[in-house]
Amino acid sequence: MSNCIAAMATAPGKASLCSIRISGDNAFEIAAKVFVPFDKKKKVEDAKGYTAMFGSFYRKGEEIDQAVALFFRAPRSYTGENVVEISCHGGSAVADQLLKACYEAGAQAARAGEFTKRAFLNGKMSITQAEAVMEMINATSNQALNAAKSALEGHLYKRAAKIRDDLLVLVGHISAYTDYPEEAVEDVTDEEVSGILYGAMESLKKLMDGYDTGAKIKQGVHTAIVGKPNVGKSTLLNALSGFEKAIVTPIAGTTRDVVEQEVILGGVNLILQDTAGIRATDDEVEAIGIQRSLDRLQGANLVFCVFDGSREITEEDIELAGRCKNLNSIAIINKQDLQQVFDVSKVEENFKKVLYITAKDFYMSKEFENDVMEVLGVADIDVTTGAIVNERQYEAVRTAYNSIKDAYDRFSEGYSLDIIGVAVDEALYAVYGLTGENVSDEVVNEVFSKFCVGK
């Protein structure tokens, strides 16, 4: 018998409704001690799954608030256990009374992620689906939401399971070959072994290659806006943000530190960082801001390097462009409403794209959006196929890939199947880690420790 846990399933604070979730074998009995339906003919203990009752909840014999109770019978619930969700009016005082009433009735306080952990342990979802629950909660863009939804629907698990099943076929052949060499076991051809190894290796590599994209979608793209003073960096930030986030003046050096603002572009969350104008200066405070600008430039996932198209190119411009070489950088030639004298040919080789705008009249056109997504490498990405989005998943895939590559290389060099089998077993074990079929208690606890209480 599982112990019964309870926690607030909605965010704390003022709201129209608050929901308390109770899960465990005796969830209905605990709910009956705190919730009384208005229809006296109905009993909470006898409630059928997927039904609701209207009534009041009580604490220490005192009626506190009207409430609605939803009932879910095991195994047809989120956790796979008996579940009761009681919703009352929002507000910290009311919620606190209901939660304390549940504890006094015998429920224990749920730990972070314990409801989803029980769903995993009861076979309601895979470990990758469980991780996707938290990704959905934390999603800040449509791309991130779609990626999490795809994983929650099991697409990542299915990709991993296909690799697992192919390797199991190979392991079976190798075991028959090594354990029963005298038996009349049908031989597996070299072409079949090579094909399975190569196919698994390619599938694992595709998962690894998608990790950077998945991480960008999940975590957001740190985007540095750099350039000399008064080229229009802050104006561009304000235009992308849709409101005046940064102070814009004709005085050089107005921005002394990094100003941040998040915007959604093409379904991806861009964390814009307007930096201090980069130039030679004797001002000690400005110099600190410039060094921070250079640091952000080197650490950014994306760089908007802004130039003033109405000014002659300078050595400082050329030097700054050189710093952007080999980065995901876009040259923004600003002030197209003025006569153009900037020689783009001297810097364009350092950038993946060169765009021409007038920041003060700028709006995020579809063309601009597509150009940025192309530079980021997410223009044609299909997030619905299932991508790995955290380090645990990446490490499992990387380990499996390295083992399979080792097996493939050894097989190509003529090593026997029993030697190849060692590397294949290692790869299969790592894939089991991705699917959750061999994860340790420590890994499970670490995964769910990142969840919020109530989920």
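Q: By class, which residues make up the lining of the second largest cavity?
A: The lining of the second largest cavity has 3 nonpolar, no polar and 5 charged residues. Ala, Val, Leu, Ile, Met, Phe, Trp, Tyr, Cys and Pro count as nonpolar, Asp, Glu, Lys and Arg as charged, and the others, Gly among them, as polar. This is a predicted model: local features need pLDDT of at least 70, side-chain atom pairs count only at pLDDT 80 or more, and totals for chains, interfaces and linings use all residues. Residues are numbered from 1 along each chain as its sequence is written, and side-chain values use heavy atoms, with hydrogens and water left out.

Q: Which residues line the second largest cavity?
A: K228, V231, F307, D308, R311, E312, D317 and F342. A cavity is a set of points on a 1 Å grid over the protein atoms alone where a 1.4 Å probe fits but cannot get out; lining residues have an atom within 4 Å of a point.

Q: How much space lies in it, and how many cavities of 30 Å³ or more are there?
A: The second largest cavity holds about 40 Å³. The count is 2 cavities of 30 Å³ or more. Points are joined across faces, edges and corners, and the volume is the space filled by probe spheres set on them.

Q: Switching to helices. At what angle do α12 and α13 cross?
A: Roughly 165°, and the axes of α12 (residues 391–412) and α13 (residues 417–435) come within 8 Å. Axes are lines fitted to C-alpha atoms over the stretch in contact, with angles from 0 to 180 degrees between N-to-C directions. Helices are DSSP runs of H or I, at least four residues, and strands are runs of E, at least two, numbered from the N terminus.

Q: So parallel or antiparallel?
A: α12 and α13 are therefore roughly antiparallel. Angles over 145 degrees count as that, under 35 as roughly parallel, 65 to 115 as roughly perpendicular and the rest as oblique.

Q: What classes of residue are in the contact of α12 with α13?
A: 15 nonpolar, 4 polar and 4 charged.

Q: And how do α3 and α14 pack?
A: Helix α3 (residues 114–121) and helix α14 (residues 441–449) pack at about 140°, with axes 9 Å apart. That makes α3 oblique to α14.

Q: Which residues make that contact?
A: T116, K117 and F120 of α3, with V444, N445 and F448 of α14. Contact means heavy atoms within 4.5 Å.

Q: Backbone next. Which peptide bond is cis?
A: The one from A74 to P75, with omega near 0°. P75 lies in the loop between β5 (62–72) and β6 (83–89).

Q: What about phi at K60?
A: K60 has a positive phi of about 55°, though it is not a glycine. K60 sits in the loop between β4 (51–59) and β5. Most residues other than glycine have a negative phi, and most peptide bonds are trans.

Terms used:
On a 1 Å grid over the protein atoms alone, a cavity is a set of points where a 1.4 Å probe fits but cannot get out, and a pocket is an open set with protein on both sides within 12 Å along at least five of seven lines; lining residues have an atom within 4 Å of a point.
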